[in-house]
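Q: I'm new to this one. Can you walk me through it?

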Amino acid sequence: ERAEAVGPEISPLAFWRINNNSWVDPSAPLYVTKGACCVSEARNYVTYVERVAYGEVIDLVIVQNGFGSTPEIHPMHLHGNKFWVVATGELPYPGSVDALPEGDVNLDDPVYVDTFAVRTGRYYVLRWRADNPGMWHFHCHLLYHMQLGLQLVFNVAEERQPEPTDAYWAGQEPWPL
């Protein structure tokens with residue numbers, strides 16, 4: 001997985017990863033299939049769909065290490081929800097939210113947004129409550145980074161999600177479930 005450098009900071013095989021996975025687009029809409037078919041399962045190149053229970057509180061930890069790359073800023077965006085930025089600090093990340101230094105955690109007045117810029121050399125804890133059923137995309141808002149894999153989907157409360165209307169299906173072949 002090592003790429004030969006073309007220049008001092010440019011790789012001809014660029015990709016971005018979340019949990020060692022570089023996103024692959026599904027061949028059918030996830031809001032219809034819920035990831036039951038038409039997705040990639042290739043190692044490190046999965047259509048990454050994370051199932052989440054209704055009302056669950058999620059601490060999404062971002063460790064933006066960059067592995068020696070040029071310092072970057074990734075505006076990370078969560079569709080259908082907002083999140084609190086409850087912690088941030090310099091790397092290394094201590095391994096769990098409970099182990100964070102007291103001064104790095106803000107539960108009094110954290111920023112509440114749907115997009116937040118994360119930069120190389122830092123960690124972030126984004127907390128949100130999964131109370132909006134749907135297939136919600138989480139990705140870098142820089143199109144190039146998103147296309148190269150910096151994205152995933154949260155499947156929130158699948159049992160509460162509405163089915164597409166009959167008008168959606170008119171003239172379409174059924175998806176192979």
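**Salt bridges and a sheet**

A: Start with aspartate 59, which is partly exposed at 31% relative accessible area. Partly exposed lies between buried (under 20% relative accessible area) and exposed (over 50%), using a 1.4 Å probe and protein chains only. This is a predicted model, where local features need pLDDT of at least 70, side-chain atom pairs count only at pLDDT 80 or more, and totals for chains, interfaces and linings use all residues. Residues are numbered from 1 along each chain as its sequence is written, and side-chain values use heavy atoms, with hydrogens and water left out.

Q: Which residue forms a salt bridge with aspartate 59?

A: Arginine 127, with the closest N and O atoms 2.6 Å apart. A salt bridge here is a side-chain nitrogen of Lys or Arg within 4 Å of a carboxyl oxygen of Asp or Glu. Arginine 127 is partly exposed, at 22% relative accessibility.

Q: Why can side chains pair like that?

A: Opposite charges can pair when the charged atoms come close.

Q: How many salt bridges does the structure hold?

A: It holds 4. One of them joins glutamate 158 and arginine 51, at 2.4 Å from N to O. That pair links distant parts of the chain, 107 residues apart. Arginine 51 is in strand S3, and glutamate 158 is in the loop between strand S11 (151-156) and helix H3 (166-169). Helices (H or I, at least four residues) and strands (E, at least two) are DSSP runs, numbered from the N terminus.

Q: And what about arginine 119 and glutamate 90?

A: They form a salt bridge too, with the closest N and O atoms 3.9 Å apart. Arginine 119 sits in strand S8 and glutamate 90 in strand S6 (residues 83-90). Shared partners join Glu90, Arg119 and Arg122 into one network.

Q: New topic. What order do the strands take in the open sheet?

A: The order is S3-S11-S10-S5-S8, 5 strands with mixed pairing. The edge strands are S3 (49-52) and S8 (115-119), each pairing on one side only. Two strands pair if DSSP finds at least two bridges between them.

Q: How do S5 and S8 pair?

A: In the antiparallel sense, over 5 bridges. Proline 75 stands opposite alanine 117 in S8.

Q: Is cysteine 140 buried or exposed?

A: Buried, with a relative accessible area of 0%. Cysteine 37 is buried as well, at 11%.
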